[in-house]
Amino acid sequence: MNIVGNMKYRINGQILFDTDSGSLGLEGFPEESLAISNPSKRLLLLLIAHHGEQVSRELIFRKVWDDYGMVSSNNNLNQCVSKLRRVLKTLGIDDEVIITVPKVGFMLAHNITLETDEPHITPPQNIAAEQGERRAVSWRNAGRRLRTGVALGALLLLVISVGIWLIYRNSAVRQEHLIGEVNNCKVFLSAPRAALNGNADQVNDMLAYINANPESCKSGEYLLLLSSNQVGSYIKGVSRLFILKCRVAREYRVEVCRSQKDGPLF
């Protein structure tokens, strides 16, 4: 059966289903009609369209709730079916109109008769209500999207902040770099990564000082320079430089560094 909007259906010749007002009542007594919800109305229309055929729960979920932006569930479906059965029984139909098909869904019983009237000429009165319902659903969806966007934005800001902190932290970590060789002594500089960038003149000054005060290195020894701007000096604009001679003591699995003027390492 094809479903036409603004149609009235007679069920078993005694109950009038008005799709315009969304109500069920005894013919001839419109003032005693019982209103049903929009989902219940759409469910009954769907069962009428498939009169005598099994209608799966999946199809019902889509046509009654999902297509209208509403949440579908077995609980909502069972409530609508119970409501329709109760109203139909109240109006005098004792036979089972809506049959449960186990593990499938529901169907409108074969023995139920259906008749249709011509469509109304006047526009349906429930269009505004359904449009309002759809607008409300649209606003709710927009609100959910806005909240999701704000949450994602906050997460992105947190990730960027952590990244900046890691970059800053890494820039402050000391690293050792080979800056030259004097008197067969390899010279390493230990300084924060940021302090090494663009300071070629300072490195050359350090090597010049080592050349002016030469040191000899035994096998496995090297010079380690530690530059620090964090130790307060009584002369402004001057950094403090520590010069150490280092050697790996393999038998102890340690690297030992001592001042140049402390005498022999071992």
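The questions and answers below concern a predicted model of a protein chain.

Q: How many helices and strands does the secondary structure of the protein chain contain?
A: The model is predicted, and 31% of its 266 residues count as buried. Among contacts between residues at least 6 apart in sequence, 50% join residues at least 24 apart. The secondary structure comes to 6 helices and 13 strands.

Q: What is the order of the strands in the open sheet formed by 3 strands with antiparallel pairing?
A: Strand 5 (55–56) and strand 6 (98–101) are the edge strands, each pairing on one side only. Strand 6 and strand 7 (residues 105–108) pair in the antiparallel sense over 4 bridges. The order of the open sheet is 5-7-6.

Q: Which residue in strand 7 is the bridge partner of Val 101?
A: Strand 6, residues 98–101, is an edge strand. Its antiparallel pairing with strand 7, residues 105–108, runs over 4 bridges. The bridge partner of Val 101 in strand 7 is Gly 105.

Q: What angle does the direction of helix 1 make with that of strand 7?
A: The open sheet has the strand order 5-7-6, with strand 5 and strand 6 at its edges. Helix 1 (residues 38–49) packs on this sheet and touches strand 5, strand 6 and strand 7. The direction of helix 1 and that of strand 7 make an angle of about 65 degrees.

Q: Over what arc around the axis do the buried residues of helix 2 lie?
A: In helix 2 (residues 57–65), the buried residues are Ile 60, Phe 61, Val 64 and Trp 65. They are on the same side of helix 2, because the arc that they cover around the axis is only 100 degrees.

Q: Which residues does Val 71 touch, not counting residues up to four places away in sequence?
A: Val 71 is located in the loop between helix 2 and helix 3, and with 66% relative accessibility it counts as exposed. Val 71 and Phe 61 are 10 residues apart in sequence, with a C-alpha to C-alpha separation of 8.6 Å. Not counting residues up to four places away in sequence, Val 71 touches Trp 65 and Asn 76.

Q: Is strand 2 covered on one face or on both faces?
A: On one side of strand 2 (residues 15–18) are Ile 15 and Phe 17, and on the other are Leu 16 and Asp 18. In a regular strand, side chains alternate between the two faces of the sheet.

Q: Which residue in strand 3 is the bridge partner of Phe 17?
A: Strand 2 and strand 3 (residues 23–26) pair in the antiparallel sense over 4 bridges. Their hairpin has 4 residues between the strands, and in it Gly 22 takes a positive phi near 65 degrees. The bridge partner of Phe 17 in strand 3 is Leu 24.

Q: Which residue takes a positive phi in the hairpin of strand 1 and strand 2?
A: Strand 1 (residues 8–11) pairs with strand 2 in the antiparallel sense over 4 bridges, and Ile 11 has Ile 15 as its bridge partner in strand 2. The hairpin has 3 residues between the strands. The residue with a positive phi, about 55 degrees although it is not a glycine, is Asn 12.

Q: Is Lys 103 buried or exposed?
A: Lys 103 is in the loop between strand 6 and strand 7. Although it is not a glycine, Lys 103 has a positive phi of about 65 degrees. With a relative accessible area of 90%, Lys 103 is exposed.

Q: What kind of aromatic pair do Phe 188 and Tyr 222 form?
A: The count of aromatic pairs comes to 3. Phe 188 lies in strand 10 (residues 185–192) and Tyr 222 in strand 11 (residues 221–228), so their pair ties together parts 34 residues apart in sequence. Because the ring centres of Phe 188 and Tyr 222 are 5.2 Å apart and the planes are at 75 degrees, the pair is edge-to-face.

Note on methods
Residues numbered from 1 in each chain as written. Predicted model: local features only at pLDDT ≥ 70, side-chain atom pairs only at ≥ 80, totals over all residues. Heavy atoms only, no water. Pairing = 2+ DSSP bridges. Helix = DSSP H or I, 4+ residues; strand = E, 2+ residues; numbered from the N terminus. Contact = heavy atoms within 4.5 Å. Axes fitted to C-alpha atoms, helices over the stretch in contact; angles between N-to-C directions. Buried < 20%, exposed > 50% of the residue type's maximum accessible area, 1.4 Å probe, protein only. Arc of directions from axis to C-beta. Phe/Tyr/Trp six-rings, centres within 6.5 Å; stacked < 30°, edge-to-face > 60°.
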